[in-house]
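Q: Please take a close look at one part of this model, the strands and the loop residues around them. Keep it brisk.

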Amino acid sequence: MKTTLLLGVIFFAFAQFSSAEGDIAINDAWVREVPPGSSVSAIYMTIQSNGDEDDKLVSMSSKAAESAELHTSKVDSNGVATMEMIEVLDIPSNNSIDFQPGGMHIMLIGLKESLVGKDSVNLKLVFEKAGEVMIEVPVKKGQEGGHKHHH
Ligand SMILES: [Cu+2]
């Protein structure tokens, strides 16, 4: 009995970067390390829905920043990259949605302290059905989280 409890605690400690609550799982989350003085950064991740019901991501916040917004990036016909805010993101059942550099991301606006030297930042995601999901998002330099292409 005592052993089981201890193993549970250890498992919880190792599971902190991959949160599964109800039908929603957040995988491979990372936040881009930005130089000191930068007031914004971006979080990338995969949101996986294992449920049979559609859900919606309705809001988000982080203790590390004044505000957090869901953005999508796109490049217009002049080659200029712009970002658009998404108010509510549909999460279809039994599906996964990738947030990646150049695409969807969670923008941290008004960073309260430098991310350099920090291990992780807190992030709270609020889903319409799954409710609140709290995760710790590891801080990484950009190239670590991107897809590497070898030629
Ligand atoms: Cu953005």
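A: Helices (H or I, at least four residues) and strands (E, at least two) are DSSP runs, numbered from the N terminus. On that basis the order from the N terminus is α-β-β-β-β-β-β-β-β-β-β-β-α. That makes two helices and eleven strands. The model is predicted: local features need pLDDT of at least 70, side-chain atom pairs count only at pLDDT 80 or more, and totals for chains, interfaces and linings use all residues. Residues are numbered from 1 along each chain as its sequence is written.

Start with strand 5, residues 65-75. Two strands pair if DSSP finds at least two bridges between them. Strand 5 pairs with strand 9 (residues 104-111), antiparallel, over seven bridges. One of the residues involved is Ser67, whose bridge partner in strand 9 is Ile109. Strand 5 also runs antiparallel to strand 6 (residues 81-85), joined by five bridges. Here His71 has Met85 as its bridge partner in strand 6. Strands 5 and 6 form a hairpin with five residues between the strands. Gly79 in that hairpin has a positive phi near 80°.

Now the other positive phi values. Most residues other than glycine have a negative phi. Asp28 has a positive phi near 55° and is not glycine. Asp28 sits in strand 2. Asn94, also a residue other than glycine, has a positive phi near 45°. Asn94 lies in the loop between strand 7 (89-91) and strand 8 (95-99).

Next, burial. A residue is buried if 20 or more other C-beta atoms lie within 10 Å of its own, exposed if 12 or fewer, and partly exposed in between, with C-beta atoms placed from the backbone. Asn94 counts as exposed because it has 12 C-beta neighbours inside 10 Å. Asp28 has 15 other C-beta atoms within 10 Å, so it is partly exposed. Arg32 is in strand 2 (residues 24-32). Arg32 has 21 other C-beta atoms within 10 Å and is therefore buried. Across the protein, 24% of the 151 residues count as buried.

What surrounds Arg32? Two residues are in contact if their C-beta atoms, placed from the backbone, lie within 7 Å. Leaving aside neighbours within four places in sequence, Arg32 is in contact with Ser41, Ala42 and Gly142. Ile43 is eleven residues from Arg32 in sequence, and their C-alpha atoms are 6.5 Å apart. For the protein, residues 24 or more positions apart account for 70% of the contacts with a separation of 6 or more.
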